[in-house]
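Please keep the sequence and the 3D view open while you read.

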Protein chains: 2
Amino acid sequence: MATNRFELTREYLDNLKTGIQNQDEMLVKQLTNELHPADIAEIFDELDIEEARFVYLHLDPDKGADLLIELEEDVRERFLSFLTSAEIASVFIDNMDSDDAADIIAELPEAKQDEVLSHIRDVEQAGDIVDLLSYDEDTAGGLMATELIAVQDDWTVSTCLDEIRKQAEEVDEIFFVYVVNASGVLKGTLPLKKLLLANVKTLVKNIYDTSVISVKTDTDSEEVASIMEKYDLVALPVVDSIGRLKGRITIDDVVDVIKEEAEKDYQMISGISGDVEASDSIFQLTKARIPWLFIGLIGGVLGALVIGGFEEQIKMFPEVAFFITLITAMGGNAGIQSSSIIVQGLANKSLGFDSTGRKLFKEISIALLNGTILSTLLFAYNLLMHHSMALTVSVSLALISIIVFASLFGTFVPLALNRLKIDPAVATGPFITTTNDVIGLFVYFMISRFFYLQFI
Amino acid sequence: MATNRFELTREYLDNLKTGIQNQDEMLVKQLTNELHPADIAEIFDELDIEEARFVYLHLDPDKGADLLIELEEDVRERFLSFLTSAEIASVFIDNMDSDDAADIIAELPEAKQDEVLSHIRDVEQAGDIVDLLSYDEDTAGGLMATELIAVQDDWTVSTCLDEIRKQAEEVDEIFFVYVVNASGVLKGTLPLKKLLLANVKTLVKNIYDTSVISVKTDTDSEEVASIMEKYDLVALPVVDSIGRLKGRITIDDVVDVIKEEAEKDYQMISGISGDVEASDSIFQLTKARIPWLFIGLIGGVLGALVIGGFEEQIKMFPEVAFFITLITAMGGNAGIQSSSIIVQGLANKSLGFDSTGRKLFKEISIALLNGTILSTLLFAYNLLMHHSMALTVSVSLALISIIVFASLFGTFVPLALNRLKIDPAVATGPFITTTNDVIGLFVYFMISRFFYLQFI
């Protein structure tokens, strides 16, 4: 029967923990035997290191490699420190694709890396891993695996099939058969379909598909993700600077890049630095959150200095203070809206060809439209509340001004950061809100001072 | 030579537009001929509808179907309204996978849907599309295509190869060969590798892989995405309630779901409703932004009412007003941090097994830690500035209180919404900030009133 997916329940976990406590090998094996490595990795998050070790030691050895790949980085790191270099080399690396092996070795301390590499029995595999380790992890070279199926353009279909059978031993999923020339330069792909349908004597060069999208080893991983996404690719070949086929990137590695990218932007806008999760420790979570709160505190103190500059005015007309929150909150909201649309547009490359000038013009239009509608509403409210004309006019005028300013600032800053090759997402979140607060307060008090002098 | 990817430049676009203006068919064909449909779709975003139409009418007909799939929904909608039902049926649908065809037909007006269906020549294909149209678009049934390769478990490898050759005509990429029994119930998969390596007389039932993860047609699409992501799948079979194989979902469809999900949460936290992009019209962008600004306005007015309630206090001690922004901004920041961590945890299912009580306890600890550090800094600052002891104590105490309150509120609200089956992401963004502002102001003024009475 078709296995279905596993749902981790409290009951299952209690059962497993009891089994581990009683050193009940049979029960533990039985509970973990049928599970996918990704499920076991999920369970590991809930176990302490000794419990996890017990489970691990009683796993089917084949599953060890896959489990290790599925573990989160911090869990894996603790784990590997429990194993000798020889164990790492023999148990895991032999059963792994080169890209995963290289990723895991790269996480080890420098000294242990060489030890592990020296224990790998298959010299060719060790060589591949060493090659992969030389690429930056945020490039196509760092994402690719060397396992792939390649055939030469001057072979016949029959030779191909024989070669594919040989090569297939090492490759988990075939996806594409790549066609190279005698020097190893990528020429195109041979769809399995064509291979199955062709006569065995046909030459590859007569049937292969010449249109193939490839990237260079030094292509940025975000660029790789956006290419695979745009062209709906499940695998993407990687070539060196003279076009020789070096490896292939599969979509599952890229899904992780896409997710991480989105999470990074999300955490940036919400004022959290570093990759943290709700299940991390109190200390880690505090560390990720306090820097942004500290920026907020500085902003608040600057705001207090601005308001303090208008102390006399507040003493005479305390109602001016009523709308402080309204002005700062609206500036913050409008600024975040503008900057997040730009940040998303930059990430998706959907900004189009408008010049910065045109983008700013568009933002002014939107801001004026929103600002006018909201200021009119606020004007009506203040009239109804019988607030003074000076206050009524000041608040509405300050509201339009701050919405326009915050929108422009929120548009301009991420565009400028992007041009300076700084991640534009830092422009969202507490930084932009804080700046808007300070500017907004100043504008509001200046406007109200002017109108109070006019009307009174 | 291996084609590489196309980069849309201002120069290319000017060239193309000139060609269209001059009705220069040769130039337009030459400029678009070598492009991937995804690239042409990108170009379409920069053309007006008449220009796009000219390009489209001079495209290789095969490319029309793919281009249509790649177009953004709103562009496609305008486009299809230019074509007759017969044109839609003959030009596109015949060249499309069933899932894409169903998606596009579903976007048409009701009356046109039936017309288009009646024009599809292949009755079997029309039937598949009608079946697919019956599934909710946010379920596995709505994502799946009916094109797949299936073999029966009692066949020999040789029969399989013959059948696969026949079926492969209709399937773009093979990925997996699914194994079913005589009733069509999914039993497992047959890796191409095994098929290539096996003796032609071997029976499928002796070599196929019985562990296959599948979903039901009514499985939610977000669930589908998280399964494919977790288990690193490139294709996922879909079965009906009695286990019969109905279709397969490929990873490229799911990448779109993942992206949309992340973008929705991002827009929610930044106070933008609806799926908008920087390149949308001023009116669309205003419409997406004003609802949240309006909520902010209401919050600001409520804030003004709260501050107004303490008018006498402000008149006597205007320095109390200095820290209004600091208190509200910090409450907002702390609240967004907490809620976004919970929202992300719920989306990734990485919240673990802690009870709501334990999560709130953890948040209190983090908030107390952050609050104490920041309040101490602020206390020192106020002492240095020679502010009154009443103000110094009030501000620091209010700061701790609001950080703790906002963190708890930011944790509790998304968890509660999630339990009520409402998207927890609505708890981020302007809604939570606004509530925190109002509560924060009230707490701050109450505390300062108390201390001013004590110290003076």
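Helix α1(B) passes α2(B) in a left-handed crossing; a crossing counts as left-handed if the near helix is turned anticlockwise from the far one by less than a right angle, and as right-handed if clockwise. This is a predicted model, in which local features need pLDDT of at least 70 and side-chain atom pairs count only at pLDDT 80 or more, while totals for chains, interfaces and linings use all residues. Residues are numbered from 1 along each chain as its sequence is written, and chains are lettered from A and ligands numbered from 1 in the order in which they are written.

Let us stay with this helix pair. Helix α1 covers residues 10-21 of chain B and helix α2 residues 25-32 of chain B; they pack at an angle of about 145°, with axes 8 Å apart. Axes are lines fitted to C-alpha atoms, for helices over the stretch in contact, and angles run from 0 to 180 degrees between N-to-C directions. Helices (H or I, at least four residues) and strands (E, at least two) are DSSP runs, numbered from the N terminus.

| Helix | Residues in the contact |
|---|---|
| α1(B) | B:Asn15, B:Leu16, B:Gly19, B:Ile20 |
| α2(B) | B:Leu27, B:Val28, B:Leu31 |

By class, this contact has five nonpolar, two polar and no charged residues. Ala, Val, Leu, Ile, Met, Phe, Trp, Tyr, Cys and Pro count as nonpolar, Asp, Glu, Lys and Arg as charged, and the others, Gly among them, as polar.

Now for the two chains together. How is chain A laid on chain B? A turn of 180° and a shift of 0.1 Å along the axis do it, with an RMSD of 0.1 Å. That is the relation of a two-fold axis. The copies are superposed by least squares on the C-alpha atoms of residues with pLDDT of at least 70 in both. In chain A, the residue that comes closest to the rotation axis is A:Lys315, at 2.6 Å (C-alpha).

The contact between the chains takes 107 residues from chain A and 106 residues from chain B. On the side of chain A, the largest share, 17 residues, comes from helix α17 (residues 282-308). That side divides into 56 nonpolar, 30 polar and 21 charged residues. The copies meet through the same surface, because 99% of the interface residues of chain A are also interface residues in chain B.

Methods. Contact = placed C-beta atoms within 7 Å.
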